[in-house]
Amino acid sequence: MSQQTAAPAKEAKPAPPKPQRPPVPPVPPEFQADRIMKLDAPSLIRILQDPNSSEFEKSKACMQLALVGDKNAVPALAALLSNPKLSHYARFGLVPIPDPSVDEAFRATLSTAKGTLLVSMIDAIGQRRDTGAVEALKPFVYGSDKDAALAAIASLGMISGPAAPVLLEALQKTSDPLRKEVAAAGLVCAEMFLNRGERQQAMDLYTRLSQPDIPKVVRLAAMHNILAAERH
Amino acid sequence: MSDKAKSVSRRQFTAGAALAAAPLFIPSHVLGQRFGSTAPSDKITFGGIGIGSRGTSSVRAVLSYQDARFLAVADVRNDRREAIKTMVDQRYQDNGCKTYNTHEELLDRDDIDGVIIATGDRWHTPMSILAAKAGKHIYCEKPCSMTIEESQALKAAVDRYGILYQAGCQRRNGKNFVLAMNWAREGKLGKLKALHCNAGTGTIWPPKPTHDWLPAEPEPAKEVVDWDRWLGPSPWRPYNSHYVQGRWRGYFDFHGGGILEWGSHTADLCQYANDADDTQPVEYEPQGANTTPYFVYCKYANGVELIHRDAFWLGLGTCSVRFEGDNGWIETGDSGKIMVSDNLKGELPPPEQGNAFNLTLHYHWRDFIECIKSGSQPKSNATAAANTHIGCHAAYIAYQLGRKLTWDPVKQEFVNDDEANRMRTRELRAPWRLV
């Protein structure tokens with residue numbers, strides 16, 4: 001038996017009373033969401049377009065549009081991508097909408113967004129698996145913004161397919177710590193190939209990532225995945 | 001979405017991996033970051049990330065073992081960093097426990113084999129993926145994910161790096177639960193008909209969390225509470241101290257409601273009892289209002305029913321489960337007590353002595369540590385955890401939508417329900433991601 005199950009104390013003392021936690025305050029009317037979450041898509045879009053809507057109202061409208069929005073919601077959501085407080089909510093609403101105009105909206109931000117907003121846009125492109133954005137993402141890998149570089153590398157891994165040569169090139173042209181992230185993205189890229197049934201592309205990538213010049217964690221992982229793929 | 005993107009969706013990215021058994025072929029210690037630099041007799045070293053009251057139980061378990069050592073803690077709250085350091089240093093009679101404000105500093109350490117992740121639920125999957133990328137074995141509290149997509153991404157990352165993962169679903173190793181699950185698996189109950197899992201109490205954590213915000217309060221200094229880091233991947237909202245003081249449950253951005261909170265334990269036991277660790281139920285039908293009593297009636301492809309319910313239990317403790325077959329039934333819970341149908345009463349072993357909760361946690365931790373040594377898969381490995389959580393998320397989505405849903409475990413999608421399918425995922429706030 002481990003020492004973890006401690007024997008009871010020899011002289012039981014009454015436990016001190018637990019301090020009472022203050023009650024949770026009531027939700028103020030302006031932060032009550034139910035009325036918004038029940039609205040249809042046109043009403044939600046009107047909230048986004050209304051200059052008198054609060055940030056709370058707009059944030060909840062974005063979240064609900066993630067479930068019920070279609071291409072008609074894209075312009076109103078895309079208009080918020082540059083808003084520091086609401087950009088994430090706009091992304092939250094946009095990414096699940098199955099319309100090419102969403103990809104165009106995210107790509108359009110790449111030339112203007114900065115800092116965390118730029119990282120968020122690049123992440124969204126990766127989440128969308130937007131193969132049309134590979135060339136647009138490539139410069140960020142070598143740019144001065146390291147956070148944007150990390151995001152671009154991760155997104156290229158998720159996009160896979162045409163992004164694979166970009167990652168292989170980056171393995172040659174980058175140095176640690178960025179190169180380690182490139183190698184890690186290569187693992188993701190190979191996984192995507194495997195999941196699509198493109199076994200040879202996956203194995204080629206894993207083989208490259210199992211070479212001695214690759215950071216140890218990724219190299220061991222690549223070997224592990226080669227063995228796993230061989231077994232399947 | 002572009003045509004190409006449609007054909008290479010993020011579902012495909014992870015779905016294939018989410019269903020299969022864990023493909024580990026190299027013993028895990030080979031893939032551990034310290035391979036080659038330590039002797040097998042070395043202690044297994046751990047760090048903790050986001051250690052509150054629940055995580056403290058796991059830290060205590062590590063501190064009690066001769067073959068393990070706790071080295072460091074990272075937390076966005078300074079009071080918690082200091083509390084863990086004090087506890088650890090008292091146990092080891094030294095000043096060795098390091099404290100970090102950020103998890104990156106802890107994950108960067110080459111001398112740490114595994115991490116205990118006991119943050120709020122919102123952080124569990126992104127943090128697990130970061131830990132996997134760092135080559136660390138992972139003990140992660142449950143619920144392990146916020147969405148179906150996170151469940152898939154979690155398993156994919158664990159498989160990708162070949163590390164070991166143990167979800168904090170400790171009842172899988174609790175003696176009374178193991179006996180019940182084995183009776184179901186071995187046919188003692190006859191042909192399985194129905195598996196019941198306790199969904200908590202709908203009055204405490206309703207099945208549908210709220211989208212409301214608490215009133216804004218002034219943010220504390222970053223050194224005291226780093227609010228941005230506390231939120232992490234969740235959408236921004238104004239600071240309120242109640243969230244940080246452990247009252248974040250029941251809010252949609254942070255919590256999956258009672259179904260996920262409890263189902264991650266109890267549906268998990270049903271999955272194993274039904275020998276279904278590699279799949280999920282195919283039907284989900286909710287019943288009840290957003291309080292007690294509530295139910296979600298699910299069905300596996302093999303015809304066995306799975307019923308999430310928060311009421312009408314026999315009073316055997318929290319996290320009760322009941323397994324019914326055509327030759328009898330068995331019910332047990334956190335009290336450690338077991339009740340069975342009359343025809344099976346003579347087959348019950350004497351009850352285990354001791355504190356059932358502590359013993360169960362101890363068995364679960366020993367399972368994890370022994371697996372790190374041997375390279376075997378722990379009971380609550382990433383495959384089992386991911387599939388349990390996907391099923392619970394599906395039940396949770398059915399409850400939110402208030403309609404019956406059909407799920408395709410192979411395609412990892414709801415059948416003919418676009419709204420439900422969109423609920424499989426939610427966007428993480430930058431710079432946090434699922435790779």
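Biologist: At what angle do the axes of α8 and α14 of chain B cross?
Modeller: In this predicted model, the axes of α8(B), residues 148–161, and α14(B), residues 382–401, cross at roughly 175° and come within 8 Å.

Biologist: Roughly parallel or antiparallel, then?
Modeller: Angles over 145 degrees count as roughly antiparallel, so α8(B) and α14(B) are roughly antiparallel to each other.

Biologist: Which residues in α8(B) and α14(B) meet?
Modeller: From α8(B), they are B:Ile148, B:Ser151, B:Gln152, B:Leu154, B:Lys155 and B:Val158. On the α14(B) side, they are B:Ala382, B:Thr383, B:Ala386, B:His389, B:Ile390 and B:His393.

Biologist: And by class? How many are nonpolar, polar and charged?
Modeller: The contact of α8(B) with α14(B) has six nonpolar, five polar and one charged residues.

Biologist: Changing topic. How is chain B divided into domains?
Modeller: Domain 1 of chain B is 9–171 + 361–382, and domain 2 is 175–206 + 255–352 + 389–422. Their C-alpha centres lie 27 Å apart.

Biologist: How many residues are in contact between domain 1 and domain 2 of chain B?
Modeller: 18 residues of domain 1 are in contact with 19 residues of domain 2.

Biologist: Which helices supply the domain 1 side?
Modeller: α2(B), residues 10–19, and α8(B) each supply at least two residues of the side that touches domain 2. The largest share, four residues, comes from α2(B).

Biologist: What classes are on that domain 1 side?
Modeller: The residues of domain 1 of chain B that touch domain 2 divide into ten nonpolar, four polar and four charged.

Technical notes:
Residues numbered from 1 in each chain as written. Chains lettered and ligands numbered in written order. Predicted model: local features only at pLDDT ≥ 70, side-chain atom pairs only at ≥ 80, totals over all residues. Axes fitted to C-alpha atoms, helices over the stretch in contact; angles between N-to-C directions. Parallel < 35°, antiparallel > 145°, perpendicular 65-115°, else oblique. Contact = placed C-beta atoms within 7 Å. Nonpolar A, V, L, I, M, F, W, Y, C, P; charged D, E, K, R; others polar. Domains from an automatic or database assignment.
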